[in-house]
Amino acid sequence: MAEVIHPEEQLLEIDVDQLLTKAMELKKAGFRLSQACAAYVNEKFELSYSFADDKTYQYTTLRVVIDTDTEVPSITDIVPPAVFYENEMKELFGVKIKMINLDYENRFYRIETETPFGPKEAAASEEKKEEA
Amino acid sequence: MGKRSVIPFGPQHPVLPEPIHIDLVIEDEKIVEAIPSVGFIHRGLESLVDRRDYNQMTYVVERTCGICSFQHGMGYCEAMEHVFGAEIPNRAKYLRTIWAELGRMHSHLLWLGLLADGFGYENLFYQCWRVREKVLDLQEMTSGGRLIFSVNKVGGVIKDIDKEKLDIILSTITEVEAELKVIKDTFLLDYSVQSRLQGVGIVTKEQAHDLGACGPFARASGIKTDMRKLGYGAYPDLDFEPIVSATGDSYARCYCRIMEIFQSIDLLRQAIAKIPDENELFTPVKGNPEGEYFMRVEQPRGEAVYYVKASGKPYLDRFRVRTPTFANLPGLCEMLKDTQLSDVGLLVLTIDPCISCTER
Amino acid sequence: MSVLKYAPEALKNLFKPPVTTKYPFEPAVYPEGARGHIEIDIDDCIGCGMCVRSCPCGTLSVDKMAGTWSIDRFDCIACGYCVEKCPKKCLHMIQGYQTPGTKEGSVTYTKSPEQLEKDRIAREEQAKKAAAAKAAAAAKAAEAKAAAQPTGLEQAAAKPAGSEQAAKPAE
């Protein structure tokens, strides 16, 4: 019988201005960045930054809910591997992230449409193409 | 101090099986910086959620990757089962575990072959893939597909493996184990292989942790982590310990993966011995999903994260898969620094890149 | 550390027959239950369109009136979801993969004339029955109209649901 280590996942809803401090706290506590993603739900962006601890298997997600035009500070200065996740958010959803360490300037994925996953006005052209 | 210049590496390159492009800033023959860029095969699978219902998505998710296809489907289904709050039958859990471990075996054997090809050992490459073929035959026999199984379903599995087939699995993995021992000795003890792998591309434990590495890549650097410990599938009933190596070089990564094949064989034996005799293969789930969940699964390449968010409609609001290669890319860039240009092809291989699933 | 660790195995391999089969000259052996391609027992098909709605890649189409079922084999991913969903179990997953071809296009299966005739008669009978039921319901509704309002409402609610289902396969 193997030992099962599965602590309950945590989901912390925080404000945008708390993001950097919380990320710093988690990093100090020995967490690594597991993933970061955006979702476009109810005309708002939901950003999830998940941190995992390799020893305790704790999984903590920071959830930031913002309007589509709110600027988000980049956490790449604190957590360097976030660079790809943030570029992805920026490119696929159009989340306004400022000060990314390595900004691919919307060339991370070589796609034709801008922000295909984001607000529908921008994505409308892609959908038309797909229907045709 | 030489003059700096930039060499583009990939997406088409003889040793690279995957379309990743890296801009290598070099000084003489030494790499100073590596800037990766992916995105040649972005397929937009995640955006399909608003046009496919959650059952159809199972088949879309499976096709994220051709190599760890089963584990993608499994991770997605487990996430959906958490959202539904459904408990799947025990036999289904064991069947999923058996298929997942078969998948891990074939994926690592494929990687060993590619590695051998990467350092120019053509003969060993063929040998690895010959052994892998047996595992593929097992997969085809049990699920109907050589790589893409399509046996997962939200709530369980749709196919059973009967007693005779389980016996065939047992006898075949014994053969595979014997053949693997020869390969293992060659990889771990042969002088020419060692000289190519040892001390190359060292990633320390601290670096691996800071760069968010996962899977065999992190374990080779001494981080003892294995998502199977989270207790999904039948893993709570099986006895295993994560395989860890301390040196963090290419040799350690090779060692971890070879040992994981033996571990998979052991896990398969345990699972087949313990599989309960039940007729139920799935619990029906009713209604539309509501809620969200982050599911973590240990794939052959490392930890994969599946995020599902649903709001009471048959179509999910958001589905996201973070594949292990995505998490290992920063580690790769760090690893490439201060290495020789001629090692780059091999080093990129040692994280076991799977770019198609990275870009989805 | 040792040199030529692999040499004995390599030497053995020299004298072994190849493990691969000479495929076009020898037949490929598929195990039982291999997912190759979809076949249909077209005469059992009731044209419900369940497979069309369940297909993740939209490769199927059904025409109930004409009694046809078509599949674009180059779009099919052989996932087997339609086979699982088919209420009459007339779809089957058969061994043998789709062979490569020079042009894409869908394959259409049409029901046999006898079956089409049977279907037509069945449909007419059903239409008659439905008309009779409708007349009865109308009479009943008229009767009940003065007495109770809810029955009328219920019927009104049932109607759009029916029309929606009729519209779906046409998508």
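User: What pattern does chain A follow, read along the sequence?

Analyst: In this predicted model, chain A runs β-α-β-β-β-β-α-β-α along its sequence, which gives three helices and six strands; helices (H or I, at least four residues) and strands (E, at least two) are DSSP runs, numbered from the N terminus.

User: How are things numbered and lettered, and what pLDDT do local features need?

Analyst: Residues are numbered from 1 along each chain as its sequence is written, while chains are lettered from A and ligands numbered from 1 in the order in which they are written. Because the model is predicted, local features need pLDDT of at least 70 and side-chain atom pairs count only at pLDDT 80 or more, whereas totals for chains, interfaces and linings use all residues; pLDDT is the predictor's confidence in each residue, from 0 to 100.

User: Back to chain A: what percentage of it is buried?

Analyst: Of the 132 residues in chain A, 41% are buried, where buried means that 20 or more other C-beta atoms, placed from the backbone, lie within 10 Å of the residue's own.

User: Which chains share the most contacts?

Analyst: Two pairs of chains are in contact, and chains A and B share the most contacts, a contact being two residues whose C-beta atoms, placed from the backbone, lie within 7 Å. Between them, 33 residues of chain B meet 29 residues of chain A.

User: Which parts of chain B touch chain A there?

Analyst: At least two residues each come from β6 (290–299), β7 (302–311), β8 (318–322) and α10 (324–336) of chain B. That side of chain B has 14 nonpolar, nine polar and 10 charged residues, with Ala, Val, Leu, Ile, Met, Phe, Trp, Tyr, Cys and Pro counted as nonpolar, Asp, Glu, Lys and Arg as charged, and the others, Gly among them, as polar.

User: And how many residues does the contact take from chains B and C?

Analyst: It takes 22 residues from chain B and 19 residues from chain C. On the chain B side, α4(B) gives the largest share, six residues, and the residues divide into eight nonpolar, eight polar and six charged.

User: How far apart are the closest C-alpha atoms of chains A and C?

Analyst: They lie 12 Å apart, and no contact joins chain A and chain C.

User: Which helix of chain C has the lowest mean pLDDT?

Analyst: Among the elements of chain C, helix α5 (residues 150–167) has the lowest mean pLDDT, 46, while helix α2 (residues 50–54) has the highest, 86. Over residues 151–171 of chain C pLDDT stays under 50. Where pLDDT is low, the predicted coordinates should not be read in detail.

Key
A residue is buried if 20 or more other C-beta atoms lie within 10 Å of its own, exposed if 12 or fewer, and partly exposed in between; C-beta atoms are placed from the backbone.
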